[in-house]
Amino acid sequence: MGSMSAVVVAVLCAFAMHAGLLVTTAQLDPTFYDDTCPDLYDTVFDVISNASLTDPRIGASLLRLHFHDCFVQGCDASVLLNSTDTIDSEQGAIGNINSIRGLDVVNDIKTAVEDSCPGTVSCADILAIAAEVGSVLGGGPSWDVLLGRRDSLNANLTLANQSLPSPFFTLDLLKASFAAQGLNTTDLVTLSGAHTFGRARCSVFNNRLSNFNNTGNPDPTLNTTYLAILSGICPQNATVVNITNLDLTTPDQFDNNYYSNLQQLNGLLQSDQELFSTPGADTVDLVNSFSSDQSVFFDNFIASIIKMGNIGVLTGTDGEIRTQCNFVNSENSGLLLAGVASNDSKEKLVAQSK
Ligand code: HEM
């Protein structure tokens with residue numbers, strides 16, 4: 001081989017290796033659907049904005065759904081899969097059951113998207129866009145959502161129970177939970193700021209109202225005025241499931257009041273107040289800085305949510321583009337052949353085929 005052709009081979013090899021590297025570390029891209037589904041963002045936005053007219057909480061619920069998706073085997077829409085013969089739905093996990101909302105709105109989005117761009121857009125990407133729209137509708141930051149995720153072929157209930165952080169966690173446990181996802185302390189403080197809107201049930205914070213940690217007293221890091229309000233909302237022995245705002249001051253606004261609430265000991269969850277009230281913690285300065293400048297919070301939120309959206313994504317030919325977000329395609333196709341359209345009847349058919 002002449003020296004010239006040796007150089008050509010070397011260049012080609014280098015190119016092939018580089019191309020191979022690009023495939024194995026495929027990155028998401030905000031323009032991913034620009035040619036194949038140009039109106040995607042508007043379609044998602046319209047469905048959520050309509051839903052928010054009757055359900056002002058929906059933006060918050062959708063942002064949370066993206067988080068609960070990404071923390072369990074990556075942002076692959078595994079949280080959306082219903083239980084079947086082969087799938088144990090993550091929706092039964094402690095952090096999800098009787099708690100996650102918005103699954104019907106995700107299905108409405110998927111139907112609208114399938115109408116205009118059939119078989120093209122993943123449910124995992126729909127969740128990522130919906131999270132951004134949720135922020136925007138609440139008056140929070142907008143960002144270019146990275147796209148190109150694909151949907152999982154499975155779900156993992158056990159992992160969901162292990163990976164979703166608990167509202168009863170101490171700061172150390174919260175940090176460990178985020179570190180397990182490749183997220184650092186700044187990401188923890190920043191993303192917890194999503195509790196600037198939405199609601200929570202008494203059962204996730206009433207441990208703080210009396211006999212906190214078996215002390216016989218309420219949580220000392222809970223403002224006493226707020227304690228009285230919360231005790232009224234969550235009477236002991238209540239027979240109904242009461243809820244309250246995560247953000248005492250501006251319940252439906254995506255703003256930085258979450259952090260000023262923490263400074264006044266008005267964080268709702270133990271896991272919120274830990275960020276400010278853990279003595280000597282490195283999180284206190286972050287809370288103070290986000291409280292004093294909303295744009296610093298928003299800039300950090302954009303960086304951290306994009307980082308979260310990159311966790312464990314499936315790209316290229318991994319996974320699939322689900323036709324129906326609650327079922328993998330292999331389970332869907334037989335049922336579709338049987339002429340079944342609605343989720344409920346699908347579940348019945350699955351049950352019959354057992
Ligand atoms: C730091 C650890 C976290 C813990 C322990 C936690 C825990 C919780 C709990 C217990 C609720 C109330 C659920 C209920 O009562 O049904 C909740 C609601 C919520 N969480 Fe978190 N969360 C955390 C982080 C996050 C993150 C990272 C996000 C998003 C980026 C987020 C977004 C939300 C939103 C928006 C709601 C309100 C949802 C609604 O109203 O439907 N949370 N969270």
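**Loops and a helix pair**

Analyst: Start with Cys37, in the loop between helix H1 (3-24) and helix H2 (40-54). Keep in mind that the model is predicted.

User: Is Cys37 buried, exposed or partly exposed, and why?

Analyst: Cys37 counts as partly exposed because it has 18 C-beta neighbours inside 10 Å. The buried class needs 20 or more.

User: What does Cys37 touch, leaving out residues up to four places away in sequence?

Analyst: Ser116, Cys117, Thr120 and Val121.

User: How far apart are Cys37 and Cys117?

Analyst: C-alpha to C-alpha, 5.7 Å in space. In sequence they are 80 residues apart.

User: Switching to helices. How do H2 and H4 pack?

Analyst: H4 covers residues 103-116. The angle with H2 is about 145 degrees, and the axes are 9 Å apart. The crossing is right-handed.

User: Which residues meet there?

Analyst: From H2, Leu40, Thr43, Val44, Val47, Ile48 and Ala51. From H4, Val105, Asp108, Ile109, Ala112, Val113 and Ser116. The contact of H2 with H4 divides into 9 nonpolar, 2 polar and 1 charged.

User: New topic. Which residue does UniProt list for "binding site"?

Analyst: Pro165, in an unreviewed entry. Pro165 lies in the loop between helix H6 (157-163) and helix H7 (171-179).

User: Is Pro165 buried or exposed?

Analyst: Pro165 counts as buried, because 20 C-beta neighbours lie inside 10 Å.

User: And which contacts does Pro165 have, leaving aside neighbours within four places in sequence?

Analyst: Pro165 is in contact with Leu174, Ser177 and Ser271.

Technical notes:
Residues numbered from 1 in each chain as written. Predicted model: local features only at pLDDT ≥ 70, side-chain atom pairs only at ≥ 80, totals over all residues. UniProt positions renumbered as here; feature names shortened; annotations may be inferred. Helix = DSSP H or I, 4+ residues; strand = E, 2+ residues; numbered from the N terminus. Buried ≥ 20, exposed ≤ 12 C-beta atoms within 10 Å, placed from the backbone. Contact = placed C-beta atoms within 7 Å. Axes fitted to C-alpha atoms, helices over the stretch in contact; angles between N-to-C directions. Left-handed = near helix turned anticlockwise from the far one by under 90°. Nonpolar A, V, L, I, M, F, W, Y, C, P; charged D, E, K, R; others polar.
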